[in-house]
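User: Please take me through this structure, beginning with the fold of one chain and ending with the contact between the two chains.

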Amino acid sequence: MADGPRLSHTTALILHSIAAGHVYGYTIMEATGLPSGTVYPALRRLEKDELIRSNWERQSIADAAQRPARKYYKLTRAGEEALDASRKRYPMLARLNPPEEVPDR
Amino acid sequence: MTRALLILRAASLLAPSARRGEWLREWRSELWYIDPRDATTFCLGAFRDAVFVRRHYTRTAARMQSPAACLGFLAAAAALAALLTLAISAPLTLRTAYWRLRPRDLPAACLIMLLFSAILLPATRLAMGSGDGRATARATLFLAMKILLVQPILFSALLLMVLLGPIIPFAPQLGLLAIWILTCRWVLADQRRRCPVCLRLLDDPVRIGAPSETFLEWYGAEAMCARGHGLLHSTETSAVYPARPRWLRLDRSWSGLFRPL
């Protein structure tokens, strides 16, 4: 990894949201209350730093649910370690664990 | 939803072409969940994301990241500008001897431009020392070098504007003023975006707060040094926070959150 992780409070919050099961952009926005212009660049940064990885949902699953395919994000091992470190730095993060609510549209 | 898609399409032009397809696909996919009333606000965030992707996935960004790379890039641009100046000064000599420019005149011409840029001197306080005298001196020297290196570029722009003078009225005056302002603005903005300790570009900018929720809070942006030297808080209004950007130095206890580059 060329660049180290940049864990501002906002970035740590996004990492925490992914760990809590909010695994695509819209639910992360809903869980954190952050605007799209903050969440998506942060996701790119985290992925570039190899703290998360992304994969597209299979089209057949999306077709069955009659919605576009989602791009899912998942913590890597380095991401889990970074999240543990950031929880020590930001103790309030541990109290934030909003339940995942996937909109049914 | 058509307007939202148009915004996404416009924003996608800012993303690097190699990543544009997947970038647009993700934004369109996410747009499906957004309430149509919020779609425009949601899609406006795509511009920031596209700029971020361009900035972090193109080689130009990497060239400007470190202070040495920035000065090297500017030096190369200044050399090109000097060559351009010498090349375009030839047709100017046909019109008036005043514009006859020989290679040995170039330093003097740049010195005049430098004096013109002396108005930037008060801006050296933007070097934002970290409390360490050496770091402040380095930041000031870096700013001075940048101001020096943009002079050949400004001078070549002046000559280009003079060439355009007979074709477009007021082009030299207005054009030079615009180029000078934009260049100075870049010099100062670049300085403000750098860590005062290591002078690398600050990274991971995030917006904090909202203009409509300012009671006992502030709103603005936060950027951080990738090496963990500190955080820069920039407010969008002086009513809620110090008007000048505020540098928060991180001590060694934060080092566990950063990895050495």
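Analyst: Helices (H or I, at least four residues) and strands (E, at least two) are DSSP runs, numbered from the N terminus. This is a predicted model, in which local features need pLDDT of at least 70 and side-chain atom pairs count only at pLDDT 80 or more, while totals for chains, interfaces and linings use all residues. Residues are numbered from 1 along each chain as its sequence is written, chains are lettered from A in the order in which they are written, and side-chain values use heavy atoms, without hydrogens and water.

User: In what order do the elements of chain A run?

Analyst: Chain A holds 5 helices and 2 strands. Read from the N terminus, their order is α-α-α-β-α-β-α.

User: How much area do chain B and chain A bury between them?

Analyst: The size of an interface is often given as the accessible area lost when the parts come together. Here that loss (1.4 Å probe, summed over both parts) falls to 56% on carbon and sulfur atoms, and the total is about 3,500 Å².

User: Which element gives the most to the side of chain B that touches chain A?

Analyst: Between the chains there are 4 salt bridges, each a side-chain nitrogen of Lys or Arg within 4 Å of a carboxyl oxygen of Asp or Glu; one of them joins B:E26 and A:K71 at 3.7 Å, N to O. The elements of chain B that give two or more residues to this side are α2 (17-31), α3 (39-56), β1 (203-208) and β2 (220-224). With 8 residues, the one that gives the most is α3(B).

How values were computed. Buried area is the accessible area (1.4 Å probe) that two parts lose on being put together, summed over both.
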